Amino acid sequence: MIETEPTMSISKIVNLIESYMTYHIWERYSNYLKKHFWKERTFWTDEYFACSVGNVSEETIKKYIENQG
């Protein structure tokens, strides 16, 4: 769950998260990942799901996210 300014695009947010996570995952697990990702250093797909919510409590949103399969 992310809260952001309405001026920031969803694609920009996803790009920032993927970049940050890729960097840190490679820092921590580079020896293992080099064996499987020798050509490219990425393991994300081009797809993602995003939605916005209106007049709902934060607790309701958290429960919804936690109950996703």
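Glu58 is partly exposed, with a relative accessible area of 49%; partly exposed lies between buried (under 20% relative accessible area) and exposed (over 50%), with a 1.4 Å probe and protein chains only. The model is predicted, so local features need pLDDT of at least 70 and side-chain atom pairs count only at pLDDT 80 or more, while totals for chains, interfaces and linings use all residues. Residues are numbered from 1 along each chain as its sequence is written, and side-chain values use heavy atoms, with hydrogens and water left out.

The side chain of Glu58 meets that of Lys62 in a salt bridge, at 3.2 Å from N to O. A salt bridge here is a side-chain nitrogen of Lys or Arg within 4 Å of a carboxyl oxygen of Asp or Glu. Searching the whole structure gives 1 salt bridge. Side chains of opposite charge can pair when their charged atoms come close. Both residues lie in helix α2, 4 residues apart, about one turn of the helix; helices are DSSP runs of H or I with at least four residues, numbered from the N terminus. Lys62 also counts as partly exposed, at 35% relative accessibility.

Ile13 lies in helix α1 and counts as buried, at 13% relative accessibility.

Ile17 lies in helix α1 and counts as partly exposed, at 35% relative accessibility. Ile17 forms a nonpolar patch on the surface with Ile2, Tyr20, Met21 and Trp44, and together they have about 490 Å² of accessible area. Such a patch takes residues with over 30% relative accessible area and no salt bridge, joining nonpolar side chains (Val, Leu, Ile, Met, Phe, Trp, Tyr) within 5 Å. Accessible areas come from the Shrake-Rupley method with a 1.4 Å probe.

## The largest pocket

The largest pocket has a volume of about 1,100 Å³. Among the 27 residues that line it, Met1, Ile2, Phe49, Ala50 and Cys51 are the closest to its centre. The elements giving two or more residues to this lining are α1 (10-36) and α2 (58-66), and α1 supplies the largest share, 6 residues. By type, the lining divides into 19 nonpolar, 4 polar and 4 charged residues.

A pocket is an open set of points on a 1 Å grid where a 1.4 Å probe fits, with protein on both sides within 12 Å along at least five of seven lines; lining residues have an atom within 4 Å of a point.

Definitions and conventions: Grid points are joined across faces, edges and corners, and a volume is the space filled by probe spheres set on the points. Ala, Val, Leu, Ile, Met, Phe, Trp, Tyr, Cys and Pro count as nonpolar, Asp, Glu, Lys and Arg as charged, and the others, Gly among them, as polar. Patches are made of residues with over 30% relative accessible area and no salt bridge: like charges are joined within 9 Å, nonpolar side chains (Val, Leu, Ile, Met, Phe, Trp, Tyr) within 5 Å.
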